[in-house]
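The tour goes from one selection to the next.

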Amino acid sequence: CISESQSSDGTAAPTPTYHSQRYFSILSNSISQYNPIIHSKLQIPILYTSMNFNRAFQLLIGALAATAATSFAPTKLTLSSSSPSHLVQAAATVTHTTAYDQRPIVDIPPMPLSCSSIPSCDTETLDAEMDSFADPNDKRYGASDWFHNIRSLPNSTILSDIKNPVGWITTWSTLVSLVYKICNVRGLGHVANKMCLSSTPHSLIASSIGLLLVFRTNSAYQRFKEGRETWENLLNTCRDITRMTSVYERDIGIKTKQRIQRLLAAFPYLLHHHIQPRCLDHDQCEEIRDTPHALVLNEPRSIHRGQRKSKKTSRECWVDKRSLPWCLLPDSVLNKCAQSHNRPLWVADRLALEFTDIKYTDNWTSRERLDLLKSASKMSDCIGHCERIHQTAVPLNYARHALRSLTLWSFTLPFGLIDKLGLMTGPAVGMVAWLMFGVYQIGHTIEDPFQGSLRLTDMCNSIYRDVMYGDRNEAGMRRESAFRKDGEKDNDWDSLGDAFGLGWTVQAKENMDLYNEQLV
């Protein structure tokens, strides 16, 4: 929309004039009145003040075009013939975008629910921001990262979780070593000798405790792996449904396809909320309580951690309609979904209804319908798998016995080491306690992978991007091009040569033999 730093003839771009400043002020005020969060986040006035004129106008027009919705009408602009050409182009682009479609057009990740950073489906983020959460988190740590791991130890989540037992055990071991030292100094050797225990009992018990910890950690990792596989199956199922609806778009209909896309995009976020509820806090509820953006969900259980379940069968959970996934559904559908206790299951049922309502054609038969209905059943199975992992904990007796055995072994360990280590007993036992309790805590952390071990938000965003590519999502349009043959000819493939000829196969065999010889 906006000219670059130089115009087409190579001359410098026009500097801000009175007209451009006036129109800039009108557009900026429109954005700030409708969505002050975006206006402040883009820092448009700062860019304009620093004379980054083209960049400021790009951000401004992009935000204005993205906020085109039924509830927002841009300020009418009257551009004279003497107005700068880049302003005329920008205003024409805004008008065209508003008239083209009034549906949410963006792809943004759900951010922490705070009043100053509530995601909106009516906000177009920059391409760099959209790509920042599209890439998988494939960070691995090798032996070369040892210094970074040591340096980041104070920020360790596991260390913060086990600091109480490790601190108490270290203090107790240090106190025992001090008493032992004082007894030897003051001639109370007989008392010091009675404080010493043989290391044999601890050596024998250490094997049993190690087996308990290994079994708990392995069982927890199996649950972690199963949870990841469940979300992988959900991702593949959503992609398969999107592929079917795109291939049979003419038979299904554009409207039906769009409804299916939005239901699919909302499903992973609703499943995430189902197993890990994320509601607005009290202050945020007070700010949106009297606005049309507030939505009250019917929760079947208390969601506050550390508190016992209340006697009530449901509780209120406030969310913002402007955030994902609530903005993907119209109010008539959203109100029904909000009253359901199992919202992802409600969406799976609605998808099955959408599949059933598709009329038969020459290409769309009962076979294609049954394939999509099976996909809806797979989505329902994913809900059950997540519920089973989330609601089924490790047996209480096993968890308590392992923790009690580890605690008793750690508190008696200094009596078997004081005669050999002396005052170094406290730090040594503290290191052992950090190691043993850390392994126990890791098993406890990944026991329910949906409480932070798995990056569910990234998975939801990945499904959203792959599903909503046909909803004017510029980043996802790259996938939609696979279902369009515009500008392609059959002759284009012939120009590559005969891929199945004898010459090609002989050359390929020679190359493969040479490659195998190099490997050997």
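Start with R216 and Y440. R216 lies over the face of Y440, at 4.7 Å from the ring centre. Bear in mind throughout that this is a predicted model.

R216 is in helix α10, while E447 is in the loop between α19 (425-445) and α20 (456-467). The pair links distant parts of the chain, 231 residues apart. Buried or exposed, R216 and E447? Both are buried.

Next, select R369 and Y360. Here the charged end of R369 sits over the ring of Y360, 4.3 Å from its centre.

**Aromatic pairs**

How many aromatic pairs does the structure hold? There are six. Select Y221 and F224, one of these pairs. The two rings are stacked, with 6.0 Å centre to centre and 25° between the planes. That angle counts as stacked because it falls under the 30 degrees cut-off. Both residues belong to helix α10 (residues 200-247). They are three residues apart, so about one helical turn separates them. Colour by accessibility: Y221 is partly exposed at 47%, and F224 is partly exposed at 21%.

Now move to Y248 and W364. This aromatic pair is edge-to-face: 5.6 Å centre to centre, 75° between the planes. Y248 lies in the loop between α10 and α11 (249-252). W364 lies in the loop between α15 (343-357) and α16 (366-391). The pair therefore ties together parts that are 116 residues apart in sequence. Both Y248 and W364 are buried.

Side chains of opposite charge can pair when their charged atoms come close. A search of the whole structure finds twelve salt bridges. Select E249 and K257 for one of them: their side chains meet at 3.3 Å, N to O. Both E249 and K257 are buried. Together, E249, K257 and R484 are linked in a network of salt bridges.

Finish with K321 and D331. Their closest N and O atoms are 3.7 Å apart, in a salt bridge. K321 lies in the loop between β2 (315-320) and α14 (331-338), and D331 lies in helix α14. D331, at 47%, counts as partly exposed.

Terms used:
Residues are numbered from 1 along each chain as its sequence is written. This is a predicted model: local features need pLDDT of at least 70, side-chain atom pairs count only at pLDDT 80 or more; totals for chains, interfaces and linings use all residues. Side-chain values use heavy atoms; hydrogens and water are left out. Rings of Phe, Tyr and Trp (its six-membered ring) pair if their centres lie within 6.5 Å; planes under 30 degrees apart count as stacked, over 60 as edge-to-face and the rest as tilted. Helices (H or I, at least four residues) and strands (E, at least two) are DSSP runs, numbered from the N terminus. Buried means under 20% relative accessible area, exposed over 50%, partly exposed in between (1.4 Å probe, protein chains only). A charge sits over a ring if NZ of Lys or CZ of Arg is within 6 Å of the ring centre and within 35 degrees of the ring normal. A salt bridge is a side-chain nitrogen of Lys or Arg within 4 Å of a carboxyl oxygen of Asp or Glu.
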